[in-house]
Amino acid sequence: MALARDPGAAHEQRDPADQNFDYMFKLLIIGNSSVGKTSFLFRYADDSFTSAFVSTVGIDFKVKTIYRNNKRVKLQIWDTAGQERYRTITTAYYRGAMGFLLMYDITSQESFCAVQDWATQIKTYSWDNAQVVLVANKLDLEDDRQVPTEDGKRLAKELGFHFFEASAKDNINVKQVFDKLVDVICEKMNESVNGDANPTTNHKGEGLKDTPNSSRGGCAC
């Protein structure tokens, strides 16, 4: 979809007229190639959908401002490439992300089997309290389903993630997925408001550093 950009590019390209917000949350959409990450983002940010598949090159992002719980929240949503050759690029963006949409395709058992590895990537490269929603995409292809709903729910429970089945094409649960992720991030912020300083509670994106963690990677397969 776009060439890789510098992790700080989103900050440089802010519109000065769009600085009136209470919080800014950095979110990442991750998962295997062709599970529908880009389509999901376009459906949410632009309410558009195309069936043409164009593999994302590196990473790109969109910005959307929403209102949740009487707060104006600016979302910086990053769309990542799923191919292994871009993994070094994309994992550099994990740190500083407050939330992840970890996506698989219900018609692809392979993409579902890769969820555990993606979860390990999140644990390795992101902050410990980053929130995750597991998204089973392409619900419109029910006739071609390979991954039962129960399997997705069970894995999400094991990993401690929230779970949705969705369809970017038919606009099923797209908004609900993002709303849930924002809500759980806000809940965690409220829980820690009287606690120790926490990097994910920075307002207006202060202190959001996009540098890779020095922790070693790993595969839970």
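1. Helix α5 (115-125) is the element that gives the most to the lining of the second largest pocket, with five residues. Helices here are DSSP runs of H or I of at least four residues, strands are runs of E of at least two, and both are numbered from the N terminus. Besides α5, strand β5 (131-137) gives two or more residues to this lining. The lining has 16 residues in total, and I122, A130, V132, L159 and F161 lie nearest the pocket centre. A pocket is an open set of points, on a 1 Å grid over the protein atoms alone, where a 1.4 Å probe fits and protein lies on both sides within 12 Å along at least five of seven lines; lining residues have an atom within 4 Å of a point.

2. The space in this second largest pocket is about 360 Å³, a volume being the space filled by probe spheres set on the points, which are joined across faces, edges and corners. By residue class, the lining divides into seven nonpolar, six polar and three charged residues. Ala, Val, Leu, Ile, Met, Phe, Trp, Tyr, Cys and Pro count as nonpolar, Asp, Glu, Lys and Arg as charged, and the others, Gly among them, as polar.

3. On provenance, the model is predicted: local features need pLDDT of at least 70, side-chain atom pairs count only at pLDDT 80 or more, and totals for chains, interfaces and linings use all residues. Residues are numbered from 1 along each chain as its sequence is written, and side-chain values use heavy atoms, with hydrogens and water left out.

4. The protein chain has seven helices and six strands, in the sequence pattern α-β-α-β-β-α-β-α-α-β-α-β-α. Of its 221 residues, 52% are buried, where buried means under 20% relative accessible area, exposed over 50% and partly exposed in between (1.4 Å probe, protein chains only).

5. The largest nonpolar core contains 30 residues, and F25, F40 and L75 have the most contacts inside it. Such a core is a set of buried Ala, Val, Leu, Ile, Met, Phe, Trp, Tyr and Cys residues joined through side-chain atoms within 4.5 Å. At least two residues of this core come from each of β1 (23-31), α2, β3, β4, β5 and α7 (174-191). The largest share, nine residues, is supplied by α7.

6. Helix α2 (residues 37-46) is mostly covered, with seven of its 10 residues buried. These are K37, T38, F40, L41, R43, Y44 and A45. After α2 comes D47, which has a positive phi near 50°.

7. Eight aromatic pairs are found in the whole structure. Rings of Phe, Tyr and Trp (its six-membered ring) pair if their centres lie within 6.5 Å; planes under 30 degrees apart count as stacked, over 60 as edge-to-face and the rest as tilted. Y23 and F25 form a stacked pair, at 5.9 Å centre to centre and 25° between the planes, and both residues are buried. W78 and Y93 have ring centres 4.9 Å apart and planes at 45°, so this pair is tilted. The latter pair links distant parts of the chain, 15 residues apart: W78 is in strand β3 (residues 71-80), and Y93 is in the loop between α3 (87-91) and β4 (99-105). Both W78 and Y93 are buried.

8. One aromatic cluster is formed by F40, Y44 and F178. A lysine also lies over the face of Y44: K64, at 5.2 Å from the ring centre. In a further case, K62 lies over the face of F42, at 4.5 Å from the ring centre. A charge sits over a ring if NZ of Lys or CZ of Arg is within 6 Å of the ring centre and within 35 degrees of the ring normal.

9. S34, in the loop between β1 and α2, is not a glycine, yet has a positive phi of about 75°. S34 is partly exposed, with a relative accessible area of 39%. N173, in the loop between β6 (162-165) and α7, likewise has a positive phi, near 65°, in a residue other than glycine. At 25% relative accessibility, N173 counts as partly exposed. N173 and Y44 are 129 residues apart in sequence and 10.0 Å apart in space, C-alpha to C-alpha.
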